[in-house]
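Trainee: Please take a close look at one chain of this model for me. I would like its overall build, a few of its local features, and then the other chain for reference.

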Amino acid sequence: MTPQQQELRQTRNPVAVDIVGLNKWYGSFHVLRDVDLRIARGERIVIAGPSGSGKSTLLRCINRLEDWQEGSVVVDGVELTDDLKKIEDVRREVGMVFQQFNLFPHLTVMQNCTLAPIWVRHMPRKAAEDLARHYLERVQIPEQAGKYPSQLSGGQQQRVAIARALCMQPKIMLFDEPTSALDPEMIKEVLDTMVMLAEDGMTMAVVTHEMGFARQVANRVALMDAGQIIEMSEPARFFENPQHERTKLFLSQILR
Amino acid sequence: MNSIDNTMTEGNGSQLRFVRRAMVPERARPLAVDVIGAIWRRLFGGVFNTMLTLVSAFILVALVWPTFRFMIWDAVWDGASRVDCLEETLKRPVGACWPFVQAKFGQFIYGFYPEAERWRPNLVFLIGALLLAPLLVPGAPLKRINALLFFVVFPIVSFFLLVGGRFGLVHVETRVWGGLLITLVISFTGIVASMPLGILLALGRRSPLPAVRVVSVAIIEFWRGVPLITVLFFATYMLPFFLPPHWNVDALLRVLIGVTLFSGAYLAEVIRGGLQAIPRGQFEAAAAMGMGYWKVMGLIIMPQALKYVIPGLVNSFIALFKDTTLVLIVSIFDLLGQVRTSFSDPNWATPVTLFTGFAFAGIIYFVISFAMSRYALAMERRLSTDHRAT
């Protein structure tokens with residue numbers, strides 16, 4: 001990133017994501033309850049919590065893969081409504097990495113990375129390929145560009161998925177349990193990639209159970225349970241001195 | 001031997017503990033030996049296998065030998081009229097009467113298309129073949145232009161060439177078209193036109209918009225629920241009553257539209273099956289990068305869905321190709337229709353004429369259907385990038 005770009009990034013809207021009074025129901029099930037969350041530009045938030053607590057749903061509201069019944073979500077100054085154009089505007093600037101990778105199996109690694117830049121950003125093919133090579137190098141798999149996703153290991157696939165998201169040069173990155181579907185031996189390579197991204201100053205919202213990662217890179221850690229944020233603080237305080245009983249219980253179970 | 005050398009065994013020789021000292025090197029798989037023995041065992045290993053083998057062999061001989069005799073051994077290869085294909089003349093059993101096919105060949109291929117103008121269908125066949133061949137070869141260059149020429153420009157050029165009435169060409173009414181020409185015209189138009197229709201209907205049926213969904217379901221269910229014969233009958237004999245008198249839509253065109261709608265409804269359901277096989281995550285990953293509906297469908301979902309349903313699509317194409325023969329009932333004489341008309345020619349009335357004609361038609365239908373099927377199989381293999389077991 002050039003200094004000018006860095007400056008641009010900092011002088012823009014200081015609030016990356018602003019979620020206010022968010023309520024969502026699946027049928028009659030109240031999955032998100034009065035959630036307020038503000039993510040500052042350059043901030044890295046880790047969201048933890050038991051399964052079914054609504055943490056993935058919350059994350060997916062940020063790029064409106066899920067809609068909601070009450071409340072507002074403003075991403076980079078754009079309020080998400082039913083307006084398809086605004087949704088697409090926001091999605092262009094928000095990268096997402098999924099638990100199941102969701103690479104496109106009919107395209108090579110290179111094509112996976114260049115597809116959206118070419119078709120959404122209208123970038124010339126050559127430029128898109130250069131960009132893809134750059135990010136594939138960053139995630140340390142430039143030699144796999146010609147292969148199909150099914151020929152890669154889980155860890156490599158997830159790193160391609162990260163590179164694919166980065167090729168859109170997003171302002172915010174969302175990670176939805178990026179290491180949960182991986183063999184233990186491959187978790188580290190993905191986490192290392194995410195740490196590198198954090199060190200570059202990327203705004204990140206990460207749903208994960210990797211508490212080591214949270215401790216290392218997060219500015220704030222949040223615990224969700226029953227559709228609400230139970231406790232949120234900086235990692236030192238969250239891990240050493242949790243306030244809420246639910247947090248203490250959660251940490252005692254997860255850290256053993 | 002090997003394992004004792006390389007491992008450390010503790011305690012009375014039992015392997016309660018084990019530490020590997022040397023890795024087992026990779027070896028080539030041993031070659032299969034005794035191929036003949038293996039085949040023999042499969043064919044005649046046990047009473048049941050032996051019986052199966054014998055029964056199969058009997059059926060094969062019982063089918064293949066008479067076919068071979070009829071088509072080749074006893075067949076008549078030269079002749080000028082029915083006399084040359086009669087048992088009385090030849091004083092031997094008579095198989096297929098191929099001179100009959102030779103004499104009627106023009107009729108089988110072109111129907112009653114005027115003889116002086118037959119260079120026009122020939123030119124259409126030639127252009128079609130020249131454009132199709134490179135399209136089928138995987139590595140051939142300029143695929144995009146080639147496909148555009150074949151699927152868009154070729155039909156338009158063919159239309160003007162075959163119909164005429166413009167550019168100094170004599171007008172040839174579709175009423176006199178026939179034979180293989182009409183079979184191919186109907187199949188090609190049906191396949192090429194029903195494919196986009198099927199895709200749109202399949203997408204429509206899964207649309208989040210209720211109105212679009214209802215209309216798609218209605219179209220699909222209506223056209224699937226009505227027999228093709230009814231569709232053809234309606235298009236040919238009933239439709240003119242409903243249209244204003246000066247609306248004189250060509251009979252062949254009406255049939256083409258009927259066939260396309262009919263086939264489109266079937267393709268829609270095949271394609272919907274493929275759409276349902278695509279995981280939600282694929283939609284989400286594409287949408288999350290800011291792609292709109294048509295880009296998600298066109299670039300991510302459809303290419304995968306269509307690949308999954310190639311067997312079903314080819315099934316429908318082959319069925320459509322053979323169903324074209326139903327146009328006979330609305331007085332359009334396709335290949336089979338022409339073959340059957342030719343049976344009434346007293347010049348060629350022999351006991352074997354009927355069988356010869358059907359054998360010829362059967363061979364042509366089989367060759368084209370089989371070619372479609374094999375090509376589809378090859379394409380399926382080539383497109384298989386997900387490395388599943390096939």
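Mentor: Take chain B, where 39% of the 390 residues count as buried. Buried here means under 20% relative accessible area, exposed means over 50%, and partly exposed lies in between, with a 1.4 Å probe and protein chains only. The model is predicted, so local features need pLDDT of at least 70 and side-chain atom pairs count only at pLDDT 80 or more, while totals for chains, interfaces and linings use all residues. Residues are numbered from 1 along each chain as its sequence is written, chains are lettered from A and ligands numbered from 1 in the order in which they are written, and side-chain values use heavy atoms, with hydrogens and water left out.

Chain B has 16 helices and 2 strands. Helices (H or I, at least four residues) and strands (E, at least two) are DSSP runs, numbered from the N terminus. The radius of gyration of chain B is 29 Å, whereas a compact globule of 390 residues would have one near 21 Å. That radius is taken over C-alpha atoms, and the globule rule is 2.2 Å times the number of residues to the power 0.38. Along the principal axes, the C-alpha atoms of chain B fill a box of roughly 100 × 70 × 40 Å.

Of the contacts in chain B with a separation of 6 or more, 65% are between residues 24 or more positions apart; contact means heavy atoms within 4.5 Å. Chain B exposes about 23,200 Å², and 70% of this comes from carbon and sulfur atoms. Accessible areas come from the Shrake-Rupley method with a 1.4 Å probe, and for residues only the protein chains shown count as cover. The 33 positive and 21 negative charges of chain B have mean positions 9 Å apart. Lys and Arg count as positive and Asp and Glu as negative, without His and the chain ends; the place of a charge is NZ of Lys, CZ of Arg, CG of Asp or CD of Glu.

Helix α2 (residues 35-44) lies largely in the open, because the number buried among its 10 residues is 1. Just after α2(B), G46(B) has a positive phi of about 90 degrees. Further along, helix α15 (residues 335-342) holds G337(B), which counts as buried at 1% relative accessibility. G337(B) and F68(B) are 269 residues apart along the chain, and their C-alpha atoms are separated by 26 Å.

For reference, chain A has 10 helices and 10 strands. Its radius of gyration is 18 Å, close to the 18 Å that the globule rule gives for 256 residues, so chain A is as compact as a globular protein of that length. The C-alpha trace of chain A spans about 55 × 45 × 40 Å along its principal axes, and 55% of the 256 residues count as buried. Chain A exposes about 11,300 Å², with 48% supplied by carbon and sulfur atoms. The mean positions of its 30 positive and 33 negative charges are 2 Å apart.
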